[in-house]
Amino acid sequence: MKVIPLILMGCGGVGRQLLQHIVSCRSLHAKQGVHLRVVGVSDSKSLIIASDVKQKELDDNILAEVCRVKSDGSSLSKLTSLGESQVFSNSESRTKVLDIASILGKSTGLALVDCSASSETIGVLKEGVNLGCCVVLANKKPLTSTMEDYDKFVSYPRRIRHESTVGAGLPVISSINRIISSGDPIHRIVGSISGTLGYVMSEVEDGKPLSQVVKSAKSLGYTEPDPRDDLSGMDVARKALILARLLGKCIDLGSIKIESLYPEEMGPNKMSVEEFLNGGVVRLDNNIEERVKKASLNGNVLRYVCVIEGARCNVGIQELPKNSALGRLRGSDNVLEIYSRCYSQQPLVIQGAGAGNDTTAAGVLADILDIQDLFP
């Protein structure tokens with residue numbers, strides 16, 4: 001039986017869903033000859049680890065309790081049914097994770113799985129790589145930090161997986177890597193890579209006011225608690241940066257032209273979420289309605305996309321043909337068009353569910369299993 005010890009960093013929606021996937025797939029993985037041994041789980045305040053990281057694990061009952069406590073919005077420090085497991089405060093977490101990494105990294109191996117949305121994990125992950133650990137990312141921050149940090153991670157291509165940083169569980173990163181490895185140069189990528197903004201743009205196309213669509217998207221759980229986190233375009237910009245760097249472009253977030261769907265005077269430092277939803281966003285309706293009508297007269301639709309071509313890397317609203325893959329996009333699906341020498345006239349199109357905790361966690365789980373050959 002192949003055993004993969006792992007530490008999960010981040011117990012939000014994706015992290016909890018990953019733990020549930022791991023537990024529910026026990027019999028399937030046993031048939032495949034692999035076992036995922038969860039030796040630690042951390043949130044922003046606490047770390048829980050198995051009593052003996054060399055031999056033991058957090059059993060499935062503890063993992064279920066972790067999911068329950070985190071679903072209630074509590075910290076891991078509130079866990080009661082721990083058995084022999086230990087809980088450490090945030091100030092001790094970094095040291096303990098690196099202690100485990102030094103013990104397991106170059107012996108049994110260890111996967112550091114980052115499902116947080118924090119930049120505070122970057123230092124631990126870099127040290128973990130030095131200690132021989134594998135890194136699996138849903139968190140985009142480590143790959144959109146400095147070029148120095150990025151180069152550190154990608155200098156160990158066999159030991160890093162980050163499919164879920166772009167397109168949730170869709171095979172975006174692996175497809176691009178295969179094309180590049182084949183010597184087929186990619187010269188253009190166009191994509192709608194935000195499930196939230198994909199939903200928003202397809203709904204306003206149907207004549208619904210932007211303000212109504214944003215409120216609906218929030219009630220459906222498509223947006224962040226503050227919808228401006230999505231409407232700013234920053235999430236799309238981070239994904240675009242990962243793709244651009246994958247193509248060899250040495251750029252940072254400041255190099256990307258980003259179109260926000262709201263003006264600066266409606267930003268989080270000027271308006272509360274309630275003020276934005278109740279009075280601010282409605283003032284954006286007319287502008288979007290006019291742009292939708294203008295596009296329609298041209299036989300086009302509006303989509304919020306990233307465009308990577310030559311030295312250009314932009315994210316924002318574009319008019320696109322109705323009959324294109326991006327023009328036909330509906331709901332919260334993602335679509336990515338990749339143009340290369342081999343895919344010059346007809347691009348390689350990757351399309352499917354690109355949002356949601358379930359889909360993203362499934363992508364993370366697949367990435368963990370993809371590195372199993374690195375473990376004894």
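Some questions and answers on strands, helices and a few single residues follow.

This is a predicted model, where local features need pLDDT of at least 70, side-chain atom pairs count only at pLDDT 80 or more, and totals for chains, interfaces and linings use all residues. Residues are numbered from 1 along each chain as its sequence is written, and side-chain values use heavy atoms, with hydrogens and water left out.

Q: Which residues of strand 3 are buried on the side away from Ser 46 and Ile 48?
A: Helices (H or I, at least four residues) and strands (E, at least two) are DSSP runs, numbered from the N terminus. In a regular strand, side chains alternate between the two faces of the sheet. Strand 3 covers residues 46–49, and both its faces are covered, with Ser 46 and Ile 48 buried (under 20% relative accessible area; exposed is over 50%, partly exposed in between, with a 1.4 Å probe and protein chains only) on one side.

Q: Which residue of strand 4 stands opposite Leu 47?
A: Two strands pair if DSSP finds at least two bridges between them. Strand 2 (residues 34–42) is joined to strand 3 by three bridges, antiparallel, and Ser 42 stands opposite Leu 47 there. Strand 3 also pairs with strand 4 (residues 86–89), antiparallel, over four bridges. In strand 4, the residue opposite Leu 47 is Phe 88.

Q: In what order do the six strands of the open sheet come?
A: The pairing in this sheet is mixed. Strand 9 (257–258) and strand 13 (348–353) stand at the edges with a single partner strand each, so one side of each has no neighbour in the sheet. The order is 9-11-10-8-12-13.

Q: Which residue in strand 10 is the bridge partner of Ile 189?
A: Strand 8 (residues 186–192) and strand 10 (residues 300–309) pair in the antiparallel sense over four bridges. In strand 10, the partner of Ile 189 is Ile 308.

Q: At what angle does helix 11 run to strand 10?
A: Axes are lines fitted to C-alpha atoms, for helices over the stretch in contact (heavy atoms within 4.5 Å), and angles run from 0 to 180 degrees between N-to-C directions. Helix 8 (residues 195–205) lies across strands 8, 10, 11 and 12, at about 150° to strand 10. Helix 11 lies across strands 8, 9, 10, 11 and 12, and its angle to strand 10 is about 40°.

Q: Is Ala 168 buried or exposed?
A: Ala 168 lies in the loop between strand 7 (160–161) and helix 7. Its phi is positive, about 55°, although Ala 168 is not a glycine. With a relative accessible area of 4%, Ala 168 is buried.
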